[in-house]
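Work through these exercises with the model open beside you. Try each task before you read its solution.

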Amino acid sequence: QVQLMESGGGSVQAGGSLRLSCAASGGTFSGYWMTWFRQAPGKEREGVAAIYTGKVVRGPSTYYTDSVKGRFTISQDSAKNTVYLQMNSLEPEDTAMYYCAADRAGGTVFDPAKYPYWGQGTQVTVSS
């Protein structure tokens, strides 16, 4: 049984930084898309950043939604089965519950419907 556990959320002022962690357990996580989603109150869940934990034959191994490019960085520590999301220059618009999700299959990386495994989420609040 795949389990994902997020941590690292909190409250920061605009311009600040946070690093989220997603620890995976219950299997070997090579060859997965590990993706961070976020959902603000009243809004749909949106993909933020994704990373492929296996060998990429063609195409990029990371994806970012446009609004976070240049500010957020996704990375992995395969030895720890952990994926990180470093968030810099945070803005009030980044306020949301952040979720980690995992999926073996290809397809649309930022489509939440394709992900069978989800964590419980960690709250990020950015004040102006």
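## Exercise 1: The chain's end

Ser128 counts as exposed, because its relative accessibility is 85%. Keep in mind that this is a predicted model.

**Task.** Where is Ser128 found, and which residues is Ser128 in contact with, leaving aside its neighbours within four places in sequence?

**Solution.** 
1. Ser128 is found in the segment after strand 11, which covers 122–127.
2. Check the cut-off. Exposed means over 50% relative accessible area. Ser128 has 85%, so the label "exposed" applies.
3. Look for contacts. Leaving aside neighbours within four places in sequence, Ser128 is in contact with Ala14 and Pro92.
4. Ser128 and Ala101 are 27 residues apart along the chain, and their C-alpha atoms are separated by 29 Å.

## Exercise 2: A residue inside a strand

**Task.** Is Gln123 buried, partly exposed or exposed? Which residues does Gln123 touch, not counting residues up to four places away in sequence?

**Solution.** 
1. Gln123 lies in strand 11.
2. Classify Gln123. The relative accessibility of Gln123 is 35%, so Gln123 counts as partly exposed.
3. List the contacts. Not counting residues up to four places away in sequence, Gln123 touches Gly9, Gly10, Thr95, Ala96 and Met97.
4. The C-alpha atoms of Gln123 and Pro60 are separated by 28 Å, and the two residues are 63 apart along the chain.

## Exercise 3: Strand 8 and its partners

**Task.** Why is strand 8 described as largely enclosed by the rest of the structure? How many bridges join strand 3 to strand 8?

**Solution.** 
1. Start with burial. Strand 8 covers residues 82–87, and five of its six residues are buried, so the rest of the structure largely encloses this strand.
2. Take one partner. Strand 3 (residues 18–25) runs antiparallel to strand 8, and six bridges join them. Leu18 has Met87 in strand 8 as its bridge partner.
3. Take another partner. Strand 7 (residues 72–77) also pairs with strand 8 in the antiparallel sense, over six bridges. Here Ser75 stands opposite Tyr84 in strand 8.

## Exercise 4: Positive phi values

**Task.** What is the phi of Asn81, and what is the phi of Ser89?

**Solution.** 
1. Find Asn81. Asn81 is in the loop between strand 7 and strand 8. The hairpin of these strands has four residues between them.
2. Read the angle. Phi of Asn81 is near 50°, a positive value in a residue other than glycine.
3. Classify Asn81. With 26% relative accessibility, Asn81 counts as partly exposed.
4. Ser89 lies in the loop between strand 8 and strand 9 (96–103). Its phi is near 50°, again positive in a residue other than glycine. Ser89 is partly exposed, at 41% relative accessible area.

## Exercise 5: The whole chain

**Task.** How many helices and strands does the protein chain have? What radius of gyration does the protein chain have?

**Solution.** 
1. Count the elements. The protein chain has zero helices and 11 strands.
2. A compact globule of 128 residues would have a radius of gyration near 14 Å; the protein chain has 14 Å, so the two agree.
3. Check the extent. The C-alpha trace spans about 40 × 30 × 30 Å along its principal axes.
4. Check burial. Of the 128 residues, 41% are buried.
5. Check the contacts. Among contacts between residues at least 6 apart in sequence, 59% join residues at least 24 apart.

Key:
Residues numbered from 1 in each chain as written. Predicted model: local features only at pLDDT ≥ 70, side-chain atom pairs only at ≥ 80, totals over all residues. Heavy atoms only, no water. Helix = DSSP H or I, 4+ residues; strand = E, 2+ residues; numbered from the N terminus. Rg over C-alpha atoms; globule rule 2.2 N^0.38 Å. Buried < 20%, exposed > 50% of the residue type's maximum accessible area, 1.4 Å probe, protein only. Contact = heavy atoms within 4.5 Å. Pairing = 2+ DSSP bridges.
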